[in-house]
Amino acid sequence: MKPKMHILLWIIIVLLLVTTILPVVFLVYHGVQYGLFCCIPAILLIGVMAFTVFYSMRNQVRFVAKLNEECERAELATLQQLPIGMCVVDGKGILLHYNNCFQKQILNGANLFGKNLYDTMPFDPERPEQEYLWKNRTYRISSLPYREDGAELTALLWTDITDFSALKAEYLASRPSVLLIMVDNYEDLIQNAKESARLEIGVAIEKLLEDFISQTNGILRRLKNGRFIAIIEERHMEKIMQEKFKILDEAREIRTDEKNYVTFSIGVGHGAPTLQEGEQLAAQSLDMALGRGGDQAAVKTENGYRFFGGVSKGVEKKSRAKTRIIAGAVQDLIVRSENVFIMGHRFGDLDSVGAACGLAGAVRLLNVPVSVVVDPQKNLAPQLISMMMDEIGGDLFLSPQQALEMISDKSLLIIVDTHNKDILESDKLYKAAKNVVVVDHHRKNVNYVDNALVFHHEPYASSACEMVTELIQYFKLDGMVDSCYADCLLSGIMLDTKNFVMRTGVRTFEAAAFLRKIGADTVKVKCLFSGSIEAYRSRTDIVGSAEIVGCHAIAIAPDSTSDVRLVAPQAADELLSISKVDAAFVIYEINHIVNISARSLGAVNVQIIMEALGGGGHQTMAATQIPDISMQDAKAMLLQAISSLQK
């Protein structure tokens with residue numbers, strides 16, 4: 001409304017008030033005739049005021065309409081001159097409108113009005129925001145849909161982010177990764193070597209690492225003998241991972257003799273926001289690589305671990321200094337405890353139950369109450385348990401439920417033959433324990449027991465029974481461990497080494513010799529491996545149905561197989577006796593869960609294959625469980641994992 005119109009309205013309002021008051025005054029003091037006469041000016045003023053209001057509202061509507069028209073023109077002009085591309089398409093992708101920037105920068109002056117935009121640029125219009133590469137330029141496309149009264153339109157805003165994308169890519173490519181590199185067997189290589197040979201080994205190792213770093217723009221520094229640290233940019237780290245850390249293979253070409261060669265363990269801190277956090281991730285990765293037997297690289301990221309290499313056998317440590325120190329620490333924990341519980345993994349075998357029984361025999365000599373926790377129904381060592389109950393008594397064994405009722409804050413839980421939280425005999429017992437010790441020989445798993453007071457982990461050891469045998473040799477006991485406990489320990493060693501054929505080192509025979517010395521009976525132990533005629537027939541059926549794929553034997557156990565959990569691994573072992581078979585896999589189903597038992601002679605790393613299917617284990621002995629799948633589908637997944645490993 002105009003200013004003059006405002007003044008006029010105020011004058012009319014004042015006059016109206018005056019003409020309204022005057023008739024009342026005349027009506028009171030001069031009579032009705034004069035009062036009615038004075039109403040005439042008021043009526044005239046009301047008419048004038050009504051006309052004025054109507055006129056002003058009419059002008060206001062005209063003004064708003066004109067303003068709206070001018071705004072629409074300004075809006076269209078602004079959209080046409082926007083520095084970012086803008087276009088409008090219908091529900092089928094037909095181009096209905098676009099501004100000058102879109103036509104010049106994105107269409108290069110072409111006219112696509114009325115044509116399908118998605119035929120030319122195949123992007124997803126349903127996504128609210130996306131990055132799209134077009135004509136060597138990167139655009140961020142923002143989609144603004146409009147759905148009303150049957151109309152289906154979408155406005156697309158094209159923002160050129162080419163420079164930003166290049167800056168982002170350069171930032172990501174230049175982020176540093178920290179590598180901690182360790183020579184697994186450095187001390188053993190130089191222990192008995194001449195001074196000249198030591199120098200040659202050191203020079204060869206440093207030359208290999210310098211050549212490795214020279215292919216990047218990274219840096220390399222020696223921390224101490226056999227340990228190095230390197231910092232490499234992401235652009236080069238990706239290439240190294242694509243090549244699967246070929247430096248691991250090159251390291252094995254450095255030999256001191258026909259049997260001894262160099263192996264590296266590499267821990268990588270990848271994608272960390274700072275160098276300090278990258279170094280911490282690298283240290284965790286190196287620990288994981290060493291725990292899996294060495295000769296491999298472990299890459300720790302925010303999403304978990306990635307492993308490379310690990311094709312050679314674990315390097316046996318000849319020094320027992322570490323074992324002696326750990327034995328002292330474990331004994332101190334035992335004697336300070338109110339009672340001790342020893343358990344292994346679910347469906348405990350001769351190594352798991354045997355190691356628990358053998359360690360229990362030593363704990364009893366320390367005069368501390370001890371129990372072996374095992375499920376009496378679900379285990380693979382019924383003959384061993386029966387033998388121990390006949391010779392020692394039933395009070396040695398407890399079910400997980402019984403142990404859970406007896407455990408206290410002063411109790412000690414010793415876990416043997418596993419470090420994986422997912423396959424413990426009793427997860428509840430583990431969570432209730434305040435003091436935990438782990439003794440295991442399996443290659444380190446991501447989901448390991450991380451709150452152990454003592455984590456005795458030796459992936460090169462043949463079995464948990466071998467590790468327990470070494471420990472009890474350093475215990476300060478009031479007497480000698482009974483021979484029945486020695487039988488238990490020897491049975492576990494024989495199981496995991498396939499009667500001293502697989503994964504057998506010098507220390508394995510030394511442990512067996514010690515057990516024989518304290519009374520282990522080899523004939524009695526052999527009887528623990530005997531089975532029924534039905535189990536033998538089932539094993540033969542599985543072996544007879546095997547399919548040979550390359551150097552791999554794959555068999556599916558019939559549904560009617562009795563004791564399949566025990567028979568399947570035995571069948572896999574027998575398949576390895578077939579000529580030109582380097583690895584054997586037996587697939588069987590229990591309670592709608594498909595299990596795969598894998599065995600090899602060392603040429604094929606079945607651990608990596610099983611890890612690809614969610615399992616794990618050793619290089620020569622591993623397994624996995626796959627729920628909600630058929631055995632044929634599991635076989636297809638197994639073949640895919642084998643094929644991926646061979647690439």
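A cavity is a set of points, on a 1 Å grid over the protein atoms alone, where a 1.4 Å probe fits but cannot get out; lining residues have an atom within 4 Å of a point. Its volume is the space filled by probe spheres set on the points, which are joined across faces, edges and corners.

The model is predicted: local features need pLDDT of at least 70, side-chain atom pairs count only at pLDDT 80 or more, and totals for chains, interfaces and linings use all residues. Residues are numbered from 1 along each chain as its sequence is written, and side-chain values use heavy atoms, with hydrogens and water left out.

**Exercise 1.** State how many cavities of 30 Å³ or more the structure has, and describe the largest cavity.

Solution. 
1. The search of the whole structure finds three.
2. The largest has a volume of about 50 Å³.
3. Among the residues lining the largest cavity are D496, K498, R503, D573 and R599.

**Exercise 2.** Describe the second largest cavity.

Solution. 
1. The second largest cavity holds about 40 Å³ of space.
2. Its lining includes V183, Y186, I205 and R222.
3. Helix 8 (residues 195-214; helices are DSSP runs of H or I, at least four residues) gives the largest share of this lining, three residues.

**Exercise 3.** Explain why helix 17 (residues 464-474) is described as largely enclosed.

Solution. 
1. Buried means under 20% relative accessible area (1.4 Å probe, protein chains only).
2. Nine of the 11 residues of helix 17 are buried, so the rest of the structure largely encloses it.
3. The buried residues include C465, E466 and M467.

Definitions and conventions. Buried < 20%, exposed > 50% of the residue type's maximum accessible area, 1.4 Å probe, protein only. Helix = DSSP H or I, 4+ residues; strand = E, 2+ residues; numbered from the N terminus. 1 Å grid on protein atoms, 1.4 Å probe; cavity = no way out; pocket = protein on both sides within 12 Å on 5 of 7 lines; lining within 4 Å.
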